[in-house]
Structures are given as structure tokens and as C-alpha cells.
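Please study the sequence and the structure before reading the solutions.

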Amino acid sequence: MIKINKISTKLLIMVSIILLIVFGTSYSLHNFFSSDYYLYKMKTKINDIYDEVKDLSLDQLMEKETAIENNNNVTIVRVENNGSATIINENIQFALYKDKVALNKFWITEEVLQKVNEGKTVNLLFNQGKLKSSLLTKIYEQDGSLILIGTVVVHNTDALNIVNQFSFYSILLGIIISLLLVAYFSRKIITPLEQLQDVAKDISNLDFKQVTIKSGDEIEELSKSINQMSQRLKSAHAELEKKNQSLNTLISSISHEVKTPLSLIQAYTIGIQDDLDDGTYTDIILEQVKYTSDMVDYLIKLSKIQKTEVYKEKFDLKELLLKVISQYNITLKNKNLTLQTDFHSVEQSIVEEDISQIEIVFNNLISNAIKYGEENVFGISVANDTHGTLKFTITNKTTRLKEKHLAYIWDPFYVIEESRNKEISGTGLGLSIVAEILAKNDLKYEATLADSYISFSVWFDVEDADQFPTR
């Protein structure tokens, strides 16, 4: 069995079947039942006239007879209901002749007269043969008179045959025209659907194309939805490729970073086994173990941050910053470092962010400045910026960092020190964690370098202090 896949073909076949059924039924009814329907309508007319005059007296009937005949194209005759059937038939035929109704065949039987005399009405149809007509009559008795209401029924078989033949050709032509119009308009519908099908195939092959359809209907709306889907899939695919590339880079970097300390641990362990230890091998091994452990801890933090949802709440940024700074008082004292702060002049410092994640940002940036700063002084400031924002900035001196490094310092495992001295360069994951958090919180941030001083800045939107819950 041939499978039909095209919507246009299915639509054409469906409409063809409907047209054939509708027009075929119409033609059959017209061809086989039109004569019967014609006779039925004539009988109905005679019955309606009878209902109109049956209760009239003979005088009233005579007064309205002419009007009724003219309005309804019927003949009404009245004869005395006495004498034999032959006399009554002759009188009726003469009365009809006077009304210009010529008959070849007409005869009322004794049985019919008996029914009439019993008060019944009788319907009779007299076929006139070659005259190709019949006389349809209703006969009843009224006040001793026999009343006949009759009308001529034309035999229209020949005319009906011609009309039916004409109807057949008209219907056939109508079906052909209808099918041509259906084919044309279905093509108008199917063409944009085929365009959408092609675009859908391209999208499935990762070719995110767009389609322009101006039909002013649901198909146009569908094309807009597909275009939006294509654009979103394109963005999602690009983001996925970017993440895959970052993942590959991350895996490569992890492999490199892990391989180096493991190689050192292996080498110094063999040296200990060979009695080559000069007293420093154990320290070096512990140093590499600590570095590897720190790197794993940072990777775990980075992974958790990437999976953690952002839960924003209102809090005082200055209050959080003072809390974080207080945690470094002992470290600053031991390293003989001075922290210069400048944010006490800011009055409104209520922000709405994820407080736990912002605390991690502050911790990483401060520990970064403590570890890599080349002076015993570094600074933190919070200042009012444009458009109702607060600008947080932390600055420390560095001579190792160059302008070319700024584009990469947020990348995982990126280190500046060419010698890759772990004591100086670290794991290269602290700033990547900061960048990940700030991106998840939709916060603007940047790193700038001026006169051997690097500054990390973050912008926060200031909230209405009146809505801040008191504690």
C-alpha cells in the first residue's frame, strides 16, 4: 500500500471525497426525486386551498372563487350532486371546459361518488397521456353540490432530463474548479510549512538558521517561535562549547598542576630511599603535598560555587566588610602589614546580594593582596559611584604583573610568575572563584593596572535603607 506523506495530497484527496459526496448526493436527489417532490408540492397547494374554502358556504365560495383561482393558478368547479355518475361526469367536464381545461381522460367512478356522499374528500390524478400533463384534483361535497378543486400538473420529464444533464456538467465543472482552488491554496499553506521543516532539519544539524514567513496567521507565529528557539539554541550551544573548551582547559591545567608536585614528591622520595637527603627533602615533600591539598580545596570550592544557587538578601556592605577585615587582624600583625580603609564616609551601604558568596569574594581578594602585595601597605575603599551604585576597590602594589596579563588573571590556574614558584604564584584559582561568584550574582567587576598598582573593583546596587530589616 502506498503511504501518503504530503499534507497537500491528503488535503486534496479529502476535499475531493467531500465534494464528490456532497455534489453526488445533490445530483442524485435532483435526478430521482425532483418529479415526486414537484407532485408533492402541488398536492400541498391543493390541500392548502381546500383548508381555506372548506368552511365557506356556496355563496361565499362563489364570491372568492375567481380570486382564489387567479392567485393560486387552480380551477374550482361546482355541479349539482344528483343524477347518475355519467351525468355528474358530463357536468364536471363541461364546467372544466368552460374554464378552458381540456381533458382527454376524466372519469369519476361510483365508488368515488359514494365516498364523497359520505362526507369524505377524495384526491384524484388524471393522466392526460399525449398532452403530457395530468389533472390533480380534490373532490368534496358541500350543501348538496359536488365541488372540484383542480390544477394542471405538467409532465416535465424531458425538461428535468435536460436540467439534470446541465446540473451534472455544472457539478463536474464545479468540482474541477474547487479542486484547483484547493490545490492552489493548500500550496500557499504547505510552502511555509516546508520552509519550517527545512529550518527544523538545519537546527537538528546544529545549523541555527532563521526563517521569514509573512502569512498573518498561526504559521507566522510558529515561525517566530522557531526563530526564537533557534536563537536560544545557538546561544546555548555557543555557551556549551565555551564551557566544554573551558573544561578541557581546566582538565589540562589540573593534569599539569598535579603532575608537577607529584613528580617532585616522587623524585625526593627516591632521594630519601637512596640516602641522598640533605635534610630538606622532607620539607619539600610536605610543601608539595600542601600545595596539592590547597589546589584540591580550591577546586572543591570552585565546583560548589558553580552548583550553588544564588540566594539574595539585604545586608550592610560596610558591616560585612568590617567583619571580614577583622578576621585578618592577626595575619596583618604577623606579616607587619598595614591596611588602609576608606569607606566610613559612605552613608547608604545597603545592598541585596548573596551575603555568603560576597563574603568569599572579600576573603579571596584580601588574602590575594596579603599574599602577592609587594609593599607593607594595601588599601580598601568603598565609594559612591554613578547611578546609585557603590564601588568596592582593593589595591596593592605588584611589579610582576603586566598589562598583557590582565585579560587572563581570572582564568583558572593562570599564574604570572614565569618561574612558577609556588610560594609566590600559588594555585591560580583564587581569582577564578571570585570571577565565578561575581558572574553568578550579575555584578560588574574589573581589574586595572596603574603605576605598578593593581586594583580589583566590584560595583553593587544600593538599596533603600528604609526597607532594610532592623536587627
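**Exercise 1.** How many aromatic pairs does the count come to?

*Solution.* The model is predicted, so local features need pLDDT of at least 70 and side-chain atom pairs count only at pLDDT 80 or more, while totals for chains, interfaces and linings use all residues. Residues are numbered from 1 along each chain as its sequence is written, and side-chain values use heavy atoms, with hydrogens and water left out. Rings of Phe, Tyr and Trp (its six-membered ring) pair if their centres lie within 6.5 Å; planes under 30 degrees apart are stacked, over 60 edge-to-face, and the rest tilted. By this rule there are eight aromatic pairs.

**Exercise 2.** Classify the pair formed by Y268 and Y281, and state where its members lie.

*Solution.* Step 1: the ring centres are 4.8 Å apart and the planes stand at 80 degrees, so the pair is edge-to-face. Step 2: Y268 belongs to helix α6 (residues 218-273) and Y281 to helix α7 (residues 281-307), 13 residues apart. Helices are DSSP runs of H or I with at least four residues, strands are runs of E with at least two, and both are numbered from the N terminus. Step 3: buried means under 20% relative accessible area, exposed over 50%, and partly exposed in between (1.4 Å probe, protein chains only). Y268, at 23% relative accessibility, is therefore partly exposed, whereas Y281, at 15%, is buried.

**Exercise 3.** Treat the pair of W410 and Y445 likewise.

*Solution.* Step 1: with centres 4.9 Å apart and planes at 80 degrees, W410 and Y445 are edge-to-face. Step 2: W410 lies in the loop between β9 (389-397) and α11 (422-425), and Y445 in strand β10 (residues 445-450), so the pair ties together parts 35 residues apart in sequence. Step 3: W410 is buried at a relative accessible area of 17%; Y445, at 27% relative accessibility, is partly exposed.

**Exercise 4.** Describe the packing of helices α10 and α12.

*Solution.* Step 1: two packed helices are described by the angle between their axes and the distance between the axes. Step 2: α10 (residues 355-372) and α12 (residues 430-440) pack at about 150 degrees, with axes 9 Å apart. Axes are lines fitted to C-alpha atoms, for helices over the stretch in contact, and angles run from 0 to 180 degrees between N-to-C directions. Step 3: α10 is therefore roughly antiparallel to α12 (under 35 degrees is roughly parallel, over 145 roughly antiparallel, 65 to 115 roughly perpendicular, and the rest oblique).
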